[in-house]
Each structure stands twice: as structure tokens, then as C-alpha cells.
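Hi everyone, thanks for coming. I'd like to walk you through one model today, so let me put it up on the screen.

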Amino acid sequence: MQPSPTAAQPKVELRNVDLRYFGRDGETEALRDISLSIFPGEFVAIIGQSGCGKSTLLSLISGIVQPTEGAVLLDGKPVTGPSRKVGYMLQQDYLFEWRTILDNALLGAEIQRVDMGKARERAMALLNRYGLGQFMRHRPRQLSGGMRQRVALARTLCTEPDIVLLDEPFSALDSQTRIALADEVADILRRDGKTAILVTHDIGEAISMADRVIVLSRRPGQVKSDHPIRFASAGERPPPFAARNTPEFNVYFNALWKELEVHVEG
Amino acid sequence: MSKVEPAPSSHYRTWLKRERRGRIAVRTAQLGILVVFLVLWEALPKAQIINPFLTSYPSALWPTFLDLLKETPQQPSILTHTWATLMATVIGFTAAMVLGTIVAAALWWWEGLYKVLDPYLVVVNAMPKTAFVPIFYLWLGASLSIYGMSLAISLFVTILMIYSGFQGIDPNKVKLAQTFGASKRQILAKVVLPGSVPTLIATLKVNAGLSLVGVVVGEFQSANLGLGYLIQYGSQIFKMNIVMTAITILAVLSSLMYLAISGLEAAVMRRR
């Protein structure tokens, strides 16, 4: 199903968003005049070089940071603080070492004071689904990096968000785990019909996972371009690992590589 | 890599033997130092190389202890003295922990408060609190001044240690809680406090020792009970046996407190 920008109301919308940080030695413009619309069920990747403000963009959508100018809207309503519609996966799992795996997965539900009986059932179902059934009573340090990041995903999805923000969630993993987990996560989010926004500096990860790739310029971050990703040769949307083997992948990769103006200083 | 291989290799057996010998050597050296110390303490005064009047002997301590165990009309049993000191210390460091955690939490909650109070906290912490013993005696009276001193000596370092523990919490863990919409109170209860448990135990180790110092010093001035009082009393009537016995009990007491806290620490860390 292709999202049709004219008909549906955007799930997430940014209107002329500016974000500046203030310090005693001056102000820093992190984002300039960002306008975007992301539609229900879309999987959008945002790429840009480090320091271009892409993580800040997610903080704005999640409501933990307010824009200096402009507006962020979820389902047409302005964001004033963290919303239950949004789940946020950070760069690392940040599991609490003093909690068991199950209790870690329940953190969000606990904070949002939802029905804990139901939340517990959901968390257990999610952990079982991710192959962590026998580790519920374990401590985080007893799990590998990939398993820990799966717990973090369960923690995010346990609160049943419509929108999932992914801030380089695989960057702390080794490359094999990373590709395998990308397949799993993309599959889970698509099957549940979640709207997903992935921030990454990995061009391959962006193309293989997303329906659309948005490129941000260097600081101050501005939307430089917006690329729909289609894999016509594969018929249906292939899973990320398979997508990497399509002819389209290389075409997109080269185009985005040029866009990013990667210069290695030396 | 299995540990249940049929026959451990000869290299492994050699390694085990060497490792065991190393551990025994350390224990032997530790015990040796104690023995040498006790032998010198016994022998030097006996040989009149140092004045026995000033140091007493280890062999004199046990009879003195038995003697002090008895209750007399003028003097309660040494167990009563020990109990008084121990209780005052436990009350002192418990109060310091509770108050220190509350104050540290308040400083965390209102960052502006911390910014304002920071220089005062540092200066007060650096002050020699024992200088206040006579003043506390006048202000608080005989028995309260002991608790006062115990608290004064341990409270400020407790506040500073716990606060710096709070600040050392990974900001990303706080951010994670915020993404779920956590209130400041929830961040304190679910992230900052549970994440600071190792800091709290490290602080307890420091302030338990300091509280004991505060109690003993307080007792010098104002008590008619407690090991600090006994030391003061013994030195006034030139009975080094009493002083040394009381000091030995203090050493045992502080070792036991340290062991108890280490046990608590091990129990907590096993759950992480």
C-alpha cells in the first residue's frame, strides 16, 4: 500500500521547525526550517552526517524537546510533551541493571501507569516472540548485545505506540547482529502497521529498511532531498537483507552517497 | 573450554598450585604483621625499653576486660559502655544516611539550590567538626551533643557523595524515562535512586566510620557512659589498661561494622 500524501492526514507533521540551542558563548542553530509529513504506516529513514541534528529531530517528535519556532503535530495536534502514541528507541538499550529483563520491558508501562496485569501479559508475549522467553528473570548483564536491544524493542512496543522512533538503534551492535536485527525489527514494525522513523548515518540501513529516505544537510540541518524507495524488481517490499541484493539498492546507494557529500578529511 | 574435562592438564595443576601458594602467602603476611605487632607491644614494655605505664601490654587486656565486665556501684559493665557507643553510632550514621539522601534529593530536584549552596557545603564539609564539641555540649546538653557530633561529622560528606552519585547517573537513562513521559518524581524513584544504590553503600562505608569518630569524640566531652568516656576516664586515673582495652574494643567494633556493610554490599550486588 502506498501512502497518498493528498488524501490521508499525516501521522507526524513538522511545520517550519527551527531549533536553536543557547549557551553563554552564543546560540547554535541545530535545525532550520524543517517541514515534513509522515503518513500512517510509512517507514521513513532520515540520514545525514553526524551533528546534522537528526537525533534532535526525533527528540522534537517525541516531545522531550520543544521547537524554538514552528510546530510539531501528531495526528494534526500540536505536541506539547511526551505522547503515549510515540515509542522511542535510543542508540543503546539502556536497560536498568537493577531490574530483571521482564521488569525492564515493563518500565514504560509502569511510568504511564497503565493496567499492569495486561502490560505484563503483553511484555511476556513480546519477549517470547523475540526468543527471550527463558530470560525474563535474568539480569541485563547476562544477555548479549543483540538480545538486550530486543528487550529494548519489547520495552518500546509494550506501551503500544503508533509511532516508533529509532535513533540508530543498531549502532552499538556488531555488523552481523546489526543486519539480522534490522530484518527482525523492520518485519515486526511493518506487520503491526506502525509508523516508523529511523535515524541513521548508514546509507545501506536506510535504503534497505525504509519506504522513503530523507537527507538532511550539514548543520544547521535542513531537508535536502526526499527519496521514495521502490524495489520494482522484487515485486513486494523485500526484507532488508534481501533488499541489499536488488539492482535498485545500488542505484539508490550511489545517489544518496553523492547527496551526503561525504568528504574524508586528511 | 569446559570445566569438567576428565583430567586437568599439568599446566593447569601447576597454575592452581601457584595460585594457592600466592593466596596463602598473603594471608600469612597479614597474620604475621598482627603477631609481630602484638609481640613487640608485649615484649618492649616488659623489657623496659618503653615505659609500660604508657602502653600497657596485650596480656594485661584480657584480665582488665574481665574486670570491667563486672558491674560496680560506680561503674557499669563494659558491655553497657560498648552498647551505648554502638547504638549512638548506628543512630548517627542512620540519621546521616536518611538526612543526607533527603538533602541530596532536594539539591537534585532544585538545581538552583545546589548552585547557591555548593560553596557552603564544600566549606562546611572541610571544617574540623570536632572543634564544635564544646559548643555542642553547651547547645545540646550531655547526651544529645553526642548524636549531634556523630551527625555533624558524617552528614556533609554524605550529602556530597550521594549528590555526586545522583549526578553520575547516565543522562540517557533519564532521557529514556522521559520518552515514556516520566514525571520528575518518577525519574527520582525509578531511575536516580535505584541507580544510586552502589553509591549509597559506598557512602555508608565512609559515614559509619566517621559516625564512630563523632560519637567517641562527643563522649570524651560529655558522657558518663560509652567507650569514649571510658578512654577519658582511664587516662585521667592513669590506668592505661582500661584505655587500651576500650581502644581494642573500638577496633573490633569498627571491623564488625565494616564487615556488616561489606556483607550488605555483596548481597545487593549479587542482585544486579
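Which pattern does chain B follow when read along the sequence? Chain B goes α-α-α-α-α-α-α-α-α-α-α-α, which is 12 helices and zero strands. Helices here are DSSP runs of H or I with at least four residues, strands are runs of E with at least two, and both are numbered from the N terminus.

Some housekeeping before we go on. This is a predicted model, where local features need pLDDT of at least 70 and side-chain atom pairs count only at pLDDT 80 or more, while totals for chains, interfaces and linings use all residues. Residues are numbered from 1 along each chain as its sequence is written, and chains are lettered from A and ligands numbered from 1 in the order in which they are written.

Let's stay with chain B. Chain B is divided into domain 1, residues 10-55, and domain 2, residues 61-270; such bounds come from an automatic or database domain assignment. The centres of these two domains of chain B, taken over C-alpha atoms, are 32 Å apart. Along its principal axes, the C-alpha atoms of chain B fill a box of roughly 75 × 70 × 30 Å. The radius of gyration of chain B is 25 Å, whereas a compact globule of 272 residues would have one near 19 Å. That radius is taken over C-alpha atoms, and the globule rule is 2.2 Å times the number of residues to the power 0.38.

How much of chain B counts as buried? The share is 32% of its 272 residues. Buried means 20 or more other C-beta atoms within 10 Å of a residue's own, exposed means 12 or fewer, and partly exposed is in between, with C-beta atoms placed from the backbone. In helix α11 of chain B, residues 227-236, the buried residues are B:Leu227, B:Gly228, B:Tyr229, B:Leu230, B:Ile231 and B:Gly234. Their cover includes α4 (78-109), α10 (197-222) and α12 (240-270) of chain B. After α11(B) comes B:Phe238, with a positive phi near 55°.

Now to chain A, starting with an open sheet of four strands in the order β2-β1-β4-β5 (chain A), with antiparallel pairing. Two strands count as paired if DSSP finds at least two bridges between them. The edge strands are β2 (26-38) and β5 of chain A, each with a single partner strand, so one side of each has no neighbour in the sheet. Nine bridges hold the antiparallel pair β1(A) and β2(A), and there A:Leu14 stands opposite A:Leu36 of β2(A). Helix α1 of chain A, residues 54-62, packs on this sheet, touching β1, β2 and β4 of chain A, and its direction makes about 115° with that of β1(A). For such angles, axes are lines fitted to C-alpha atoms, for helices over the stretch in contact, and the angles run from 0 to 180 degrees between N-to-C directions. Contact means that two residues have C-beta atoms, placed from the backbone, within 7 Å.

Moving along, β1 (12-23) and β4 (69-74) of chain A are antiparallel over five bridges, with A:Val12 partnered by A:Leu74. A:Leu74 also stands opposite A:Lys77 in β5(A). β4(A) and β5(A) form a hairpin with two residues between them, and A:Asp75 in the turn has a positive phi of about 50°.

There is also an open sheet of six strands in chain A, ordered β6-β7-β8-β3-β9-β10, with mixed pairing. Why is one side of β6 (86-89) and of β10 (223-228) of chain A left without a neighbour in the sheet? Both stand at the edges, each with a single partner strand. Strands β6(A) and β7(A), the latter residues 163-167, pair in the parallel sense over four bridges, and A:Tyr88 stands opposite A:Leu165 in β7(A). Helix α5 of chain A (145-157) lies across β6 and β7 of chain A, at about 165° to β6(A). Helix α9 of chain A (247-259) lies across β3 (43-47), β9 (212-216) and β10 of chain A, at about 175° to β10(A).

A:Ala45 counts as buried because it has 27 C-beta neighbours inside 10 Å. A:Ala45 and A:Ala210 are 165 residues apart in sequence, yet 5.6 Å apart in space, C-alpha to C-alpha.

Last stop: 17 residues of chain A are in contact with 16 residues of chain B. On the chain A side, helix α3 of chain A (107-111) brings the largest share, three residues.
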